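Subject: Structure handover

Hi,

Here's the structure I promised to pass on to you. Have a look at it in your viewer first, and then read on for what turned up.

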Amino acid sequence: MGSTRLGLSKGWLSVAIIVLLLMIDQVIKIWVKTHMCLGEAIRVTDWFYIDFIENAGMAYGMTFINKFFLSILRLVAIGVIGWYIWKQVREKARWRYIVLLSMVLAGAAGNILDSMFYGLVFDVSTQYTVSTWVPFGTGYADFLMGKVVDMFYFPLIVTTWPDWVPWVGGNDYIFFSPVFNFADACISVGVVLLVCCCRKELETISIFSKPEAGNKDEIEDKSK
């Protein structure tokens, strides 16, 4: 009975984390979308800006995959991660593993919600006008073709390349120039912590697995 309750509590924890992170992500995006013009920036500090941009691609503005195909890949990935979390809950995986997997799933779901619905419920954002809600289906894009809202910009170091550096000498240099959103941060933090703190679980996945010591010893014995 105790193990069943433990499994259920981990499952509900995963659901709670996903819902909470999704709500935070969408509240931030909707506020930016409905209060700022495209390209508008709000200076918080010298190294932190709220800078409204939109992108049709992957995390941090990457755009080397077709938008519709990317959206389908995201949906498939969300399904696979969701199934894997359910499997890990049933197998009584460690709390930290469930929490970090849930962070990654929430981040992936946050960005796919933009693609699925923002084009249907918002009119287009421009450099001169703030986007507004419109009747469902009359927005700026079709289902799965909406743009992802990004806003966090951290120009931690703004400087100029020395003149003696080949090709880039004299050009401006900004350390950490990507503009990203809360969902991107959930994915990045979740993945980094998974690699750092959950090697035990990752090694059980086939692409991370290593040969067992016993098998290695057997091979060495046979070679003698």
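Strand E3 is mostly covered: six of its six residues are buried. Keep in mind that this is a predicted model, so everything here describes a prediction.

So where does E3 sit? Four strands make up an open sheet, and their order is E1-E2-E3-E6. The pairing in that sheet is antiparallel. At the edges you'll find strand E1 (41–45) and strand E6 (179–180), each of which pairs on one side only.

Now follow E3 towards each of its neighbours. On one side is strand E2 (residues 48–55), joined to E3 by five bridges, with the two running antiparallel. To see this pairing on screen, pick isoleucine 53, which stands opposite aspartate 150 in E3. E6 is also antiparallel to E3, and two bridges join them. Which residues in E6 are the bridge partners of tyrosine 153 and phenylalanine 152? For tyrosine 153 the partner is valine 179, and for phenylalanine 152 the partner is phenylalanine 180. While you're clicking through, remember that in a regular strand the side chains alternate between the two faces of the sheet.

Next, the cysteines. How many disulfides does the structure hold? The count is zero. Take cysteine 198: the nearest cysteine sulfur belongs to cysteine 197 and is 6.1 Å away, and cysteine 198 is in no disulfide. A disulfide would need the two sulfur atoms to be within 2.5 Å. Is cysteine 198 buried or exposed? Cysteine 198 counts as buried because its relative accessible area is 0%. Cysteine 37 has a relative accessibility of 16%, so cysteine 37 counts as buried too, given that the cut-off for buried is under 20%.

Last stop, the surface. There's a nonpolar patch of about 480 Å² there, made by Phe68, Ile72, Leu75, Val76, Val80 and Met145. Methionine 145 counts as partly exposed because its relative accessibility is 34%.

Cheers

Notes. Residues are numbered from 1 along each chain as its sequence is written. This is a predicted model: local features need pLDDT of at least 70, side-chain atom pairs count only at pLDDT 80 or more; totals for chains, interfaces and linings use all residues. Side-chain values use heavy atoms; hydrogens and water are left out. Patches are made of residues with over 30% relative accessible area and no salt bridge: like charges are joined within 9 Å, nonpolar side chains (Val, Leu, Ile, Met, Phe, Trp, Tyr) within 5 Å. Accessible areas come from the Shrake-Rupley method with a 1.4 Å probe; for residues, only the protein chains shown count as cover. A salt bridge is a side-chain nitrogen of Lys or Arg within 4 Å of a carboxyl oxygen of Asp or Glu. Buried means under 20% relative accessible area, exposed over 50%, partly exposed in between (1.4 Å probe, protein chains only). Two strands pair if DSSP finds at least two bridges between them.
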